[in-house]
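The following report describes selected features of one structure, with the criteria behind each term. Please read it alongside the sequence and coordinates.

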Amino acid sequence: MEEFSHYLESKVWTIVMKYKLSICLPAHRTHLWEKFYESIISSVGDKHSWELVMVGPTEPPEFFSDKEHFTFIQDYGSPARCAQIATTVAQGELMMWGSDDGLFTPGSIERCIDLHDTLPKKDVIGIQYTEGRNYQGAPMHPDYWLAHHHPTLRVVPPEYMIFIVGMFKLEYFRELGGWDCRFEHLNMNCHDLAFRVQRDGGKIHLSPDLVCNHDWNPNEGDHTPVQEAYDQNDLELFYQLHSTDQSQRIKINYDNWESTPKV
């Protein structure tokens, strides 16, 4: 077991690397968690140790009562706040996040870990995924991962890439301050994080293959709250932030989640 400490704003964070990978996410769809967990097993394989850290409002089902490398924290805040809280207790050398309506593909996380082991500290893997009914979404076009492919993101150099899901060295994620939790959903703050990585000299590498398929239908009920977060808070905040020069904004306060609403 290896330990190291870093001074971040007002705290000294000690990372105990008990696992190779921590999978951290906000979560509330408890009826999907067992399949989600089982898909991790087949995707990571036997070579690397891992843990799953979920934060959300609903207690986990009985299935998780005897899972040693599973941590649940109850919180009623935004998805961004919950995800950041998950990273504060993570014990992996690497971290990634996801969504509990997804299923990981066999062997794909293992291949991402193996690739990440060849990369410099500041480099990040952008996780390729699909979204569609019954997990049958089409892969994203290669241009999707270029910031300037999206009109709302043309506030950075044209060579910048994006990720919605990523794999980081946990030490570096914390040094950067993680997500800006003034954004409520994990979306625009992921772009903001990707831009800060690249300003800091890091590069984004796409995952070797498709890592996760999501069962997603924007016309069904549980999409409404995150759509409202995007429309009523996150998009406007992104424009306000990036209407000014952000070229020197790289590291933010990792404890910024503490200033967000608890409910």
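## Helix 5

Helix 5 comprises twelve residues, 188-199, and at 1.5 Å a residue should span 16 Å; its end C-alpha atoms are 17 Å apart, which agrees. The expected span is 1.5 Å times one less than the number of residues. Helices (H or I, at least four residues) and strands (E, at least two) are DSSP runs numbered from the N terminus.

Twelve of the twelve residues of helix 5 are buried, so the helix is largely enclosed by the rest of the structure. Buried means under 20% relative accessible area, exposed over 50%, and partly exposed in between, with a 1.4 Å probe and protein chains only. Just after helix 5, Gly201 takes a positive phi of about 95 degrees.

## Basis of the values

The model is predicted: local features need pLDDT of at least 70, side-chain atom pairs count only at pLDDT 80 or more, and totals for chains, interfaces and linings use all residues. Residues are numbered from 1 along each chain as its sequence is written, and side-chain values use heavy atoms, with hydrogens and water left out.

Strand 4 pairs in the parallel sense with strand 3 (residues 19-26) over six bridges, and Cys24 stands opposite Val53. Pairing requires at least two DSSP bridges between two strands. From strand 3 the chain passes through helix 1 (residues 33-44) to strand 4 in a right-handed β-α-β crossover; that is, with the strands pointing away from the viewer, the path from the first strand over the helix to the second runs clockwise. Strand 4 also pairs in the parallel sense with strand 5 (residues 70-74), over five bridges, where Gln74 is the bridge partner of Gly56.

## Aromatic contacts

The structure holds 19 aromatic pairs. Rings of Phe, Tyr and Trp (its six-membered ring) pair if their centres lie within 6.5 Å; planes under 30 degrees apart count as stacked, over 60 as edge-to-face and the rest as tilted. Phe238 and Tyr239 form an edge-to-face pair, 6.4 Å centre to centre with 65 degrees between the planes. Phe238 is buried at 0% relative accessibility, whereas Tyr239 is partly exposed at 40%.
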